[in-house]
Every structure is written in structure tokens, then in C-alpha cells.
Amino acid sequence: HCIMQPVHVDDVVGAIIAVLRNPKTYEKEYNLSGGSIVTFAHILKFIAQQMGVRRTVMTVPNKPLLACIKAYELVSRNPMVRYYQVHKWTQNVVLSMDDNMRDFGYDPMPFDEGMARTMKEIGLAKKNQQ
């Protein structure tokens, strides 16, 4: 049930350009988040829908999942997923964009829009989604 704020690459690039052009942002740090707060399950379901496939998303309690990933890392020479990656997903931290909006007009696109655009660009969206 973890929540995330995925940010689209276009928003990251736009933010970098905006900060470089604005002396008000110099010597400050900003967290960049996406324009939507979504669950990991929503992300998986949305991607499946865009690809035109049906998938069932099952939830697993954090502690057993993290224990399994630690064990997997111990036995795998080249793990495809790491404990620290999954552990950070379980934190459910919502980042404020107030400073970003005030200082350089940051207005990121919603997740569904950015992911649909990305999937279309890389050729993973089903034909009638394009």
C-alpha cells in the first residue's frame, strides 16, 4: 500500500533549467516530486492497462517481503532488486512542492499523463491507447 510521487523526466529537466535561470533559487535545495500521489498498485495497474494486459496485484506485508529480499540478496550474485530500494517504497513520505512552486513555478504533470506519454514514446502502449 505504499504511496509514491513519480516525477516525469520532462519535469526534472524543466525544473533544472528553471532553477539555473533564477537567482532566487541559488544555494537552495529542492525535492522534486511528481504531480500525483499514487499507490504502487495504481502504478502497476495503470501500466498493465496501457499495455492492454490484465494483471492482478497482490499485497504482501512489509516485514516478510523485506526479509525475503534480504535473503534473496544473500544468495544472488546479481540481485535484480535490493533491500534499500523496496524499503524506501514502504516509507510513504509525501514531499511538499510549496517551495518549488513559489520559487520557480514548478507544476509537474500528473502521473497518468506522464506514464501514458512515456509508454507511447517507447512503444509499450497498446495501439488504441496511442
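A: Met4 sits in strand 1, residues 3–4. Strands here are DSSP runs of E with at least two residues; helices are runs of H or I with at least four, and both are numbered from the N terminus. The model is predicted, so local features need pLDDT of at least 70 and side-chain atom pairs count only at pLDDT 80 or more, while totals for chains, interfaces and linings use all residues. Residues are numbered from 1 along each chain as its sequence is written, and side-chain values use heavy atoms, with hydrogens and water left out.

Is Met4 buried or exposed? Its relative accessible area is 15%, so Met4 counts as buried. The cut-offs are under 20% for buried, over 50% for exposed, and partly exposed in between, with a 1.4 Å probe and protein chains only.

Which residues does Met4 touch? Leaving out residues up to four places away in sequence, Met4 is in contact with Ser36, Ile37, Val38, Phe40, Ile43 and Trp89. Contact means heavy atoms within 4.5 Å. Thr90 is 86 residues from Met4 in sequence, yet the two C-alpha atoms are 9.4 Å apart.

Now the whole chain. It has 6 helices and 2 strands. Along the sequence they run β-α-β-α-α-α-α-α. The radius of gyration is 18 Å, well over the 14 Å of the globule rule for 130 residues, so the chain is more spread out than a compact globule. That radius is taken over C-alpha atoms, and the rule is 2.2 Å times the number of residues to the power 0.38. Along the principal axes, the C-alpha atoms fill a box of roughly 50 × 40 × 25 Å.

Buried residues are 25% of the 130 in the chain. Of the contacts between residues at least 6 apart in sequence, 75% join residues at least 24 apart. The chain exposes about 9,300 Å², and carbon and sulfur atoms supply 56% of that area. These areas come from the Shrake-Rupley method with a 1.4 Å probe; for residues, only the protein chains shown count as cover.

Charges next. There are 16 positive and 12 negative side chains, and the centres of the two sets lie 12 Å apart. Lys and Arg count as positive and Asp and Glu as negative, while His and the chain ends are not counted. Each charge is placed at NZ of Lys, CZ of Arg, CG of Asp or CD of Glu.

Then the aromatic rings. Rings of Phe, Tyr and Trp (its six-membered ring) pair if their centres lie within 6.5 Å; planes under 30 degrees apart are stacked, over 60 edge-to-face, and the rest tilted. By this rule there are 4 aromatic pairs. In one of them, the rings of Phe46 and Phe111 have centres 5.8 Å apart and planes at 65°, so the pair is edge-to-face. Phe46 lies in helix 2 (residues 40–51) and Phe111 in helix 6 (residues 111–121), so the pair ties together parts 65 residues apart in sequence. Phe46 and Phe111 are both buried. For Phe104 and Tyr106 the centres are 5.9 Å apart and the planes at 50°, so this pair is tilted. Phe104 and Tyr106 are both buried. Together with Tyr30 they form one aromatic cluster.

What touches Phe104 from elsewhere in the sequence? Asn22 does, along with touching Asp103, when residues up to four places away are not counted. Asn22 is in the loop between helix 1 (9–20) and strand 2 (38–39). Asn22 and Phe104 are 82 residues apart in sequence and 7.2 Å apart from C-alpha to C-alpha.

Glu27 is in the loop between helix 1 and strand 2. Its phi is near 60°, a positive value in a residue other than glycine. Most residues other than glycine have a negative phi. Glu27 is exposed, at 87% relative accessible area. Asn92 has a positive phi too, near 55°. Asn92 lies in the loop between helix 4 and helix 5 (98–104). Its relative accessible area is 37%, so Asn92 is partly exposed.

Last, Tyr83 in helix 4 (residues 83–89). At 23% relative accessibility, Tyr83 is partly exposed. Beyond its neighbours within four places in sequence, Tyr83 is in contact with Leu66, Ile69, Lys70 and Glu73. Tyr83 and Cys68 are 15 residues apart in sequence, and their C-alpha atoms are 9.1 Å apart.
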